Amino acid sequence: MAEQPWGQPYPVRPQQQPYGQPWQHAHVPQSAMRASHTDRERTVDVLKAAYAEGRLTREEYGQRFDAVYQAQTYGQLAQLVADLPAGPVAVPFGAAVPALPPAYGPPPMPMPVPHRPVNGMAIASLALGVLSLPTLGLAGLGAVITGHIAKAQIRARGDEGTAPATIGLVLGWLSLGGWVLLFVLAGFGVLD
């Protein structure tokens, strides 16, 4: 029996065997662990960055790319990128960033601009405004109403369509102004 730190004896148990298969409890170094598809994709990303930065030639990139998908373990993947940085190299503050010559691939593509839909009320306002002009019809009132609704929706949602809504509003107000002028002239007897 061994003694505990406070002086009380306790029984010493013999070393027990672990349950299960012996290979389940053996210590496996990480380099021998099997790699997943995600691990291979990460390695390919490092290779792509190295190729884009000019660290690998086209042939080296192709050979390593093929070897990545044949690799079975972390150790094999690590050997393929051991001489490459895992991320971008930090440039000291104020230093000029060198541009890659065209031989290392095309320049990076600009970020796509998200498409904003054109507001339907703005289109309706423009259509009603155009229809109201030749006849000085009541479509001008519809153009004004839909134009104001469109302007509010464009501000709230960030839609496209400011120009059609504005044009519809202007044409609608011109049409309504024509009606008002017509009634004023008729009221004074000028049209008799």
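This is a predicted model: local features need pLDDT of at least 70, side-chain atom pairs count only at pLDDT 80 or more; totals for chains, interfaces and linings use all residues.
Residues are numbered from 1 along each chain as its sequence is written, and side-chain values use heavy atoms, with hydrogens and water left out.

The protein contains seven helices and two strands, where helices (H or I, at least four residues) and strands (E, at least two) are taken as DSSP runs and numbered from the N terminus. Along the sequence these elements follow the pattern β-β-α-α-α-α-α-α-α. Of the 192 residues of the protein, 23% count as buried, a class that means under 20% relative accessible area, while exposed means over 50% and partly exposed lies in between (1.4 Å probe, protein chains only). The accessible surface of the protein comes to about 14,400 Å², of which carbon and sulfur atoms account for 65%; these areas come from the Shrake-Rupley method with a 1.4 Å probe, and for residues only the protein chains shown count as cover. Contact is taken to mean heavy atoms within 4.5 Å, and among contacts between residues at least 6 apart in sequence, 64% join residues at least 24 apart.

Two packed helices are described by the angle between their axes and the distance between the axes. Helix α2 (residues 37-52) packs with helix α3 (residues 58-70) at an angle of about 175 degrees, and their axes are 10 Å apart; the axes are lines fitted to C-alpha atoms, for helices over the stretch in contact, and angles run from 0 to 180 degrees between N-to-C directions. The two helices α2 and α3 are therefore roughly antiparallel to each other, given that angles under 35 degrees count as roughly parallel, over 145 as roughly antiparallel, 65 to 115 as roughly perpendicular and the rest as oblique. On the side of α2 the contact is made by Arg40, Glu41, Thr43, Val44, Leu47, Lys48 and Tyr51, and on the side of α3 by Arg58, Tyr61, Arg64, Phe65, Val68 and Tyr69. By class, this contact has seven nonpolar, one polar and five charged residues, with Ala, Val, Leu, Ile, Met, Phe, Trp, Tyr, Cys and Pro counted as nonpolar, Asp, Glu, Lys and Arg as charged, and the others, Gly among them, as polar.

A pair of aromatic rings is described by the distance of the centres and the angle of the planes. Rings of Phe, Tyr and Trp (its six-membered ring) pair if their centres lie within 6.5 Å, and planes under 30 degrees apart count as stacked, over 60 as edge-to-face and the rest as tilted. By this rule the count comes to four aromatic pairs. The rings of Phe65 and Tyr69 have centres 5.3 Å apart and planes at 65 degrees, so this pair is edge-to-face. Both residues, Phe65 and Tyr69, lie in helix α3, four residues apart, about one turn of the helix; Phe65 is partly exposed at 27% relative accessibility, and Tyr69 is likewise partly exposed, at 39%. The pair of Trp179 and Phe183 is tilted, with 5.8 Å from centre to centre and 35 degrees between the planes. Trp179 and Phe183 both lie in helix α7 (residues 162-187), four residues apart, about one turn of the helix. Trp179 counts as partly exposed at 25% relative accessibility, whereas Phe183 is exposed, with a relative accessible area of 56%. Ring pairs also link Tyr51, Tyr61, Phe65 and Tyr69 into a cluster.

Thr73, in the loop between α3 and α4 (74-80), is buried, with a relative accessible area of 17%, and, leaving aside neighbours within four places in sequence, Thr73 is in contact with Ser31, Ala32, Met33, Arg34 and Ala35. Leu77 is found in helix α4 and counts as buried at 3% relative accessibility. With neighbours within four places in sequence again left aside, Leu77 is in contact with Ala35, Asp39, Arg40, Thr43, Val68 and Ala71; Leu77 and Asp39 are 38 residues apart in sequence and 8.2 Å apart in space, C-alpha to C-alpha.
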